[in-house]
Amino acid sequence: MLAQGDFSKVAYSTNPDAPIRWANQWDNLWDNGTHGSIERGYGGVSIFYDGVGHVREDLSRVPMLGRLLASIRVNGIVINNVNADPTILSQRNWDGVEEIANLFRPWGVRIGMSLNFASPQTFGGLDSFDPLDDQVIDWWQGISDEMYERVPDFAGYLVKANSEGQPGPITYNRTLADGANMFAKTIAPHGGVVMFRAFVYDKLDWNDWHADRANAAVEFFGELDGQFDDNVVVQIKYGPIDFQVREPVSPLFSTLRETPMAIELQVTQEYLGQQCHLVYLPPLWQTILDFDLRVDGKESRTRDVLNGNVFDKKLGGYTAVTNVGMDQTWLGSHLSMSNLYAFGRLAWNPTLDSGAILDDWTRLTFGLGRSVRETIRSMSLESWPAYENYTGNLGIQTLTDILYTHYGPNPASQDNNGWGQWTRADGEGIGMDRTVWNGTGNAGQYQPEVAARFEETETTPDDLMLWFHHVPYTFELHSGETVIQHFYNAHYAGAETAATFPKRWETLRGRMDDERFEHELYRLTYQAGHSLVWRDAINEFYRSLSGIADVQDRVRNHPWRIEAEDMDLDGYAPVDVEPFETASQYRAVVTNETGTATTTLNFPDGTYNLAVNYYDVVGGNATYTVALNGKTVGTWQGDAEFRLGKFPSEYLDGHSAIRVTFEGVHVKKGDELVVTGMADGSEQAPLDYVSVLPLGVV
């Protein structure tokens, strides 16, 4: 209140809606693996681990994080990756873990630890990790007793088992409850809690129409309800798949009547722009928290399941994968910190208004200026709908590349594999049939009133239509649009919204410090360009697949665009791009040394914005120059991998595609435009196209 200039006299009392309000950090002891120092982290390296297997010597950032978490009312943090390394249990690391706990304790933040289920065998030297084996039980009891001797206020364990290659009790034909209860018994005397993740699924047969990863949580955990010890909390991702731009609430929340539950949100934007795209997440989260599950035909909001009111449970609450790092912004972007702040506020009181939370955060972060607050508020509240529009619509998921970076567009990666994030898109139609009468039966996992609503297209909302139904591209939505035309329109609308962000942010120049202003201006400008990559890639993929044209004749019709492969090339050579839709006409040009791409402009005299779409791959810093009639318009480097923090790509694709724009360029018909690229390392100065855009055209 004081920081926001509110000096009113008040008597104020507030209590948390649920007892568990934990951050989850996916930090790795080693930084040489596939996912680096922090799995799905985009804000620098781990604040806990040195990257070579040990807790850091310098833990000075830990109390800063403790203060930050305490300020947003978070009371626990799991300090290592759910894909846990057993060597976290080494004596050297235990000394470090104890020190981490000591540094968090003054802030009222208790630590937890992720465990690798096979640790008794792989680290402890036993010949088994069977949860019913007395030797295994004794081994874990020793671990727990030592933990509480070192850290008396230890919060508890987080366990990922029998999922995505992680070991678990099913290896020994034991149940997941057997595994959870083994840990629970070892820490129950100390007051500890076991958070057992419901993210358990097997790879599936793509050719089986009835197979569905969305069913996995209920299939694995539904029959175990009532078999878990009292200090076990099942930790459930908010949707049935994996942190997508829109999912229905997980049906498991209305299934486990006898088992405490916590929701798993994701502050780090794994599928949602990796902190390179502004996406304010609380409106997404509140579609889940406010959803009425209709348990026994009564109002049953998800938030009231989490606080224990629906099923009369004392335990429960909120977790979020946060993945802060050593970057001075914590997450990689100043604006993305609004999501971490909002997580803490909503975990304390899930009925708060997303906009009001944002206003508080903006005043506390950037000061009391009205224009700053209103600009950040409007952009942020528009950001999730815009991102959904230019990525994946109608409940079809984010349409990112699930097999590589989880970042740029690659809708084909969803299908024809065993991962189960399917769209079932073909030349005739799209969407998962999750009905009971003809599909996977997922709709039937919900309570009867909800199940009946999702079973029929007539009562399924448009924004989840393709989640629950496989329909023709010409299917008419409640909005009156066909599915395919909705795709086209939404992708253009989303990109048009993102295009406004840099200009709106520019109005704040001088109203905050230069460092934060320039940092976010770079990201918002990048987002505006990358939203066009998304727009064009998704629209062209489904136009090509369906054979149905855009009724507004925008898709694959770019009158202001000059393809690099159609220019006069010297030192450059055309190459095919994969996925094909991530290049304007499926091709780009590359050079091994220095190349030029030259063209004579045939546009009317006037002032234009000159944009160059290229690819910024990891492995080098190519240098580019664009000139008109021999006069340099601008120069730049392919150095985004050092400025953005997203998962890098070594290929020409939707992850590495990027745009640079030079505004207010005076052009005359007949001018000669030359783009020069100088390769560096493995970066071959790749170019896709040049756009000469009339002012106001996106």
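**Overall shape and nonpolar cores**

Reader: How does the chain's radius of gyration agree with that of a compact globule?

Author: In this predicted model, the chain has a radius of gyration of 26 Å, which agrees with the value near 26 Å that a compact globule of 698 residues would have. Taken along the principal axes, the box filled by the C-alpha atoms is roughly 80 × 60 × 60 Å.

Reader: And how many helices and strands are in there?

Author: The chain contains 15 helices and 21 strands, and of the contacts with a separation of 6 or more, 72% are accounted for by residues 24 or more positions apart.

Reader: OK, what share of the residues is buried?

Author: Buried residues make up 61% of the 698 in the chain.

Reader: Which residues have the most contacts inside the largest nonpolar core?

Author: That core has 162 residues, and those with the most contacts inside it are Phe 48, Ile 77, Phe 104, Ile 111, Trp 505 and Tyr 542. Its largest share, 8 residues, comes from helix H14, which covers residues 483–506.

Reader: What does Tyr 542 touch, leaving out residues up to four places away in sequence?

Author: Tyr 542 touches several residues, among them Leu 399, Pro 411, Ile 430, Tyr 473, Phe 487 and Tyr 488.

Reader: Switching to charges, how many side chains are positive and how many negative?

Author: There are 52 positive and 95 negative side chains, with the centres of the two sets 8 Å apart. As for the surface, the chain exposes about 25600 Å², of which carbon and sulfur atoms supply 48%.

Definitions and conventions:
Residues numbered from 1 in each chain as written. Predicted model: local features only at pLDDT ≥ 70, side-chain atom pairs only at ≥ 80, totals over all residues. Heavy atoms only, no water. Core = buried A, V, L, I, M, F, W, Y, C linked by side-chain atoms within 4.5 Å. Buried < 20%, exposed > 50% of the residue type's maximum accessible area, 1.4 Å probe, protein only. Helix = DSSP H or I, 4+ residues; strand = E, 2+ residues; numbered from the N terminus. Contact = heavy atoms within 4.5 Å. Rg over C-alpha atoms; globule rule 2.2 N^0.38 Å. Areas by Shrake-Rupley, 256 points an atom, 1.4 Å probe, with all protein chains shown as cover. Lys, Arg positive; Asp, Glu negative; His and termini not counted. Charge placed at Lys NZ, Arg CZ, Asp CG, Glu CD.
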